[in-house]
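My entries follow in the order in which I checked things.

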Amino acid sequence: MIRDGITAEGLETDAFLMIGQSNMSGRGDIGSVPPIENPNCFMLRCGRWQIMGEPVNPDRGPAAEFQPGVCLASSFADAYQKRTGRRTGLIPCADGGTTIAQWEPGGVLFDHAVFQTLLAARNADIKGILWHQGESDCKDGKDYVERFSVMIQEMRRQLGDENLPVILGELSGEIPKDKRRGITDEQIEKMNGNFRRIVREVPYCALASAEGLTLRQDGIHFDGPSLRTFGLRYFDAYITHFA
């Protein structure tokens with residue numbers, strides 16, 4: 001990995017980059033699940049580690065329609081910390097509503113994620129990337145696998161680790177018919193098929209299932225309890241394939 005993680009306090013820290021769109025940022029209602037209170041889990045703020053608290057990834061202001069809240073990365077970090085005994089940090093760089101094209105190398109989101117991760121790597125060991133994205137590309141997912149492959153390989157190169165693990169998550173197949181916003185079952189399945197193809201063709205990638213997870217009434221975002229479960233599935237995928 002990039003380096004052995006030593007915090008300012010001299011304690012080892014493992015860190016994970018959060019990228020993608022709103023279901024990685026997290027839109028679960030605060031208070032819909034018990035808070036995760038783990039003094040050994042952290043989030044990056046202004047280049048420094050702060051005790052983890054939700055919202056971890058505040059990508060929207062108070063006037064936004066969908067507010068940042070509970071996210072899947074919190075339960076992932078908590079499970080990882082308890083399994084390994086190491087301080088665990090999250091690097092929040094997800095941005096709601098974004099497309100795969102907006103994550104291409106040289107773009108603002110890509111460069112921001114690399115910059116923040118290299119900043120975190122000054123006193124943390126970068127252990128992996130958590131990715132959830134695809135809703136914005138369901139209607140036109142042309143070349144999605146190829147775009148993702150180019151993006152993630154260049155990100156790994158710039159981070160100095162060509163084998164950096166990546167965990168992806170499926171889209172929900174449980175969107176109510178009246179909340180689809182023009183997205184069909186076939187388009188959702190095609191996008192999930194893209195993810196399955198990615199883990200077959202792009203090295204060091206694994207997939208977390210969204211089967212049975214439930215959405216908020218907006219029909220777009222996973223609810224708080226499902227995000228907690230989803231984070232544990234990301235953790236299981238990481239431990240199964242990369243521990």
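I first looked at how H3 passes H4, and the crossing is right-handed, where right-handed means that the near helix is turned clockwise from the far one by less than a right angle, and left-handed anticlockwise. I note that this is a predicted model, in which local features need pLDDT of at least 70 and side-chain atom pairs count only at pLDDT 80 or more, while totals for chains, interfaces and linings use all residues. Residues are numbered from 1 along each chain as its sequence is written, and side-chain values use heavy atoms, with hydrogens and water left out.

I took helices (H or I, at least four residues) and strands (E, at least two) as DSSP runs numbered from the N terminus. The axes of H3 and H4 come within 10 Å and cross at roughly 30 degrees; they are lines fitted to C-alpha atoms over the stretch in contact, with angles from 0 to 180 degrees between N-to-C directions. On the H3 side the contact (heavy atoms within 4.5 Å) is made by Phe-110, Ala-113, Val-114, Thr-117 and Leu-118, and on the H4 side by Met-151, Glu-154, Met-155, Gln-158 and Leu-159.

I then checked burial, with buried meaning under 20% relative accessible area, exposed over 50% and partly exposed in between (1.4 Å probe, protein chains only). Among the buried residues of H4 are Tyr-144, Phe-148, Ser-149 and Arg-156, and the buried residues of this helix pack against S1, H3, S5, S6, H5 and strand S7 (205–208). After H4 comes Gly-160, with a positive phi near 80 degrees.

Lastly I turned to Asn-57, in the loop between S3 and helix H2 (72–84). Asn-57 counts as buried because its relative accessibility is 2%. A polar atom of the Asn-57 side chain lies 3.2 Å from the backbone nitrogen of Cys-93. Leaving out residues up to four places away in sequence, I found that Asn-57 touches Met-18, Ser-25, Arg-45, Pro-68, Pro-92, Cys-93 and Ala-94.

Notes
A polar contact is a pair of N or O atoms within 3.5 Å; within protein, one must be able to donate a hydrogen and the other to accept it, and residues adjacent in sequence count only if both atoms are side-chain atoms.
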